[in-house]
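Here's a short tour of a protein model. Have a look at it first, then read on.

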Amino acid sequence: RDKVSLLIEHHRFDLDITIIIQNLDKISKALQQINTNDKLPIVLGTVLSLLNYLNRGTVYGGATSFSLNDLNLIKDIKSKVHGVKFINYLAMELEKKNVNLVEMQAEFSRLQSAARISINDINSKLNIAQRMLAARPRDPFVRASSRRIYDVMKIVQKTTAEYSRITRNYGIKEELLKQDSMIQTFINFA
C-alpha cells in the first residue's frame with residue numbers, strides 16, 4: 001500500500017472514532033437529563049396509577065411497571081365520555097400535581113439529537129473496526145487505534161449501564177438499546 005492510502009485510512013478511522021465518541025456523549029447527556037428531571041417520576045407514576053385504575057379488576061390492574069410502548073399507545077385510549085381521551089385525564093392529573101407539560105416538552109425536545117443514535121449501531125461499528133485492525137500487521141497505528149477502541153468500548157459499557165439503571169429506576173420494561181427506544185419515546189410522549 002502506498003503512504004497516501006494509508007494516511008487516508010488512518011484519517012477516516014480517526015474521524016469515525018471521533019463521531020462515535022460525540023454520539024456517546026449525546027446519549028450520555030440525554031440520559032443525564034432524563035435522570036435528573038424531577039417531573040418525570042411524577043409523570044410516569046401518574047401514568048401507572050391511571051393505567052392501574054383503568055385496568056382495575058383485570059389481570060393488568062396492580063402493575064408495578066409498564067412498557068415504553070404503552071406511552072405511545074396512551075394517546076389512543078378512549079373513555080366513556082365522548083371526545084375525552086385518557087391523555088386528557090392524564091393532563092388534568094398532572095396539572096393538579098403542578099407538572100407543566102409544555103415545559104417538559106421543551107426540555108425533552110432537546111434530546112432529539114440523542115434519539116437518532118443507536119448503541120447497537122455503535123457496537124457494530126466498533127466490532128467492524130476491531131476486525132479491520134486485527135487483519136493488519138501490528139504497527140504503531142494499530143496499537144494506538146486498538147487502545148482507542150478499547151477506551152470507547154468502556155464508554156459504551158458505562159452508557160449502557162446508565163441506560164439500564166434508568167429503566168430499572170423508572171420501572172420500565174425496555175430490553176433493547178435500539179433507535180426509537182427510551183429517549184425517542186419520552187420525546188414523543190412529552
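## A pair of rings

Let's start with Phe141: its relative accessibility is 16%, so it counts as buried, as buried means under 20%. Keep in mind that this is a predicted model. Phe13 is buried too, because its relative accessibility is 7%.

These two residues belong together. To describe a pair of aromatic rings, you give the distance of the centres and the angle of the planes. Phe13 sits in helix α1 and Phe141 in helix α8, so the pair ties together parts that lie 128 residues apart in sequence.

## The nonpolar core

Now for the largest nonpolar core, which has 39 residues. Helices α1, α2, α4, α5, α7 and α8 each supply at least two residues of this core. The largest share, eight residues, comes from α1.

Which residues have the most contacts inside the core? They are Val47, Ile122 and Leu126. Leaving aside neighbours within four places in sequence, Leu126 is in contact with Ile17, Ile20, Ile149, Val152, Met153 and Val156.

Helix α2 covers residues 40-54, so to speak 15 residues in a row. From first C-alpha to last, α2 reaches 21 Å, close to the 21 Å expected. Its buried residues include Val47, Leu48 and Asn52.

How values were computed. Residues are numbered from 1 along each chain as its sequence is written. This is a predicted model: local features need pLDDT of at least 70, side-chain atom pairs count only at pLDDT 80 or more; totals for chains, interfaces and linings use all residues. Side-chain values use heavy atoms; hydrogens and water are left out. Helices (H or I, at least four residues) and strands (E, at least two) are DSSP runs, numbered from the N terminus. The expected span of a helix is 1.5 Å times one less than its number of residues. Buried means under 20% relative accessible area, exposed over 50%, partly exposed in between (1.4 Å probe, protein chains only). A nonpolar core is a set of buried Ala, Val, Leu, Ile, Met, Phe, Trp, Tyr and Cys residues joined through side-chain atoms within 4.5 Å. Contact means heavy atoms within 4.5 Å.
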